[in-house]
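I set down here what I looked up in this structure, entry by entry. The sequence and the model come before the notes.

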Amino acid sequence: MSAASAQQVSWSISSEKVAKNEYLLTITAKVPEGYHMYNIGAATAGGPIPTEITPVEAPGVTFVGDVEALTKPDTHFDEAFSMEISSF
């Protein structure tokens with residue numbers, strides 16, 4: 001299994017109005033079979049580079065809160081990194 005590159009992952013976004021002028025954005029990544037994507041979060045010394053999603057501010061748009069995974073990642077011992085890692 002290999003880590004997927006940004007070009008191999010298909011991304012989509014949807015929005016749900018939750019209040020006046022407030023929307024919940026859901027970003028979905030479709031990772032090809034045989035590949036994986038590392039969990040969102042802080043990098044661990046000597047570990048894989050985590051997936052990072054960085055919202056870009058625009059006039060009239062303010063992002064509130066953090067990006068969080070809605071799907072629980074698979075956590076397992078990875079021999080290449082000699083540590084527990086989490087991936088999708």
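Which side chain does a polar contact of 3.3 Å join to that of Glu52? I found that of Thr54. I take a polar contact as a pair of N or O atoms within 3.5 Å; within protein, one must be able to donate a hydrogen and the other to accept it, and residues adjacent in sequence count only if both atoms are side-chain atoms.

I note the basis of the entries: this is a predicted model, in which local features need pLDDT of at least 70 and side-chain atom pairs count only at pLDDT 80 or more, while totals for chains, interfaces and linings use all residues. Residues are numbered from 1 along each chain as its sequence is written, and side-chain values use heavy atoms, with hydrogens and water left out.

I located Glu52 in the loop between strand E4 (35-36) and strand E5 (74-78); strands (at least two residues) are DSSP runs, numbered from the N terminus. Its C-alpha lies 8.6 Å from that of Asn39, 13 residues away in sequence.

Is Glu52 buried or exposed? Glu52 is exposed, because its relative accessible area is 67%, and exposed means over 50%, buried under 20% and partly exposed in between (1.4 Å probe, protein chains only).

Thr51 is placed in the loop between E4 and E5, and I recorded Thr51 as buried, because its relative accessibility is 14%. A polar atom of the Thr51 side chain lies 2.4 Å from the backbone oxygen of Tyr38. Leaving out residues up to four places away in sequence, I listed Met37, Tyr38, Asn39, Ile40 and Gly41 as touching Thr51 (contact: heavy atoms within 4.5 Å).

Trp11 stands opposite Ala29 in E3. Two residues lie between the strands of this hairpin, and Asn21 takes a positive phi near 60 degrees.

**Entry: the nonpolar patch**

Which residues form a nonpolar patch on the surface? I listed Trp11, Ile13, Tyr23, Leu25, Ile27, Val61 and Phe63, with about 660 Å² of accessible area together. E2 and E3 are the elements that give two or more residues to the patch, and E3 gives the most, with three. Val61 is found in the loop between E4 and E5 and counts as partly exposed, because its relative accessibility is 36%.

Technical notes: Helix = DSSP H or I, 4+ residues; strand = E, 2+ residues; numbered from the N terminus. Pairing = 2+ DSSP bridges. Patch = residues over 30% accessible without salt bridge, like charges linked within 9 Å, V, L, I, M, F, W, Y side chains within 5 Å. Areas by Shrake-Rupley, 256 points an atom, 1.4 Å probe, with all protein chains shown as cover. Salt bridge = Lys/Arg side-chain N within 4 Å of Asp/Glu carboxyl O.
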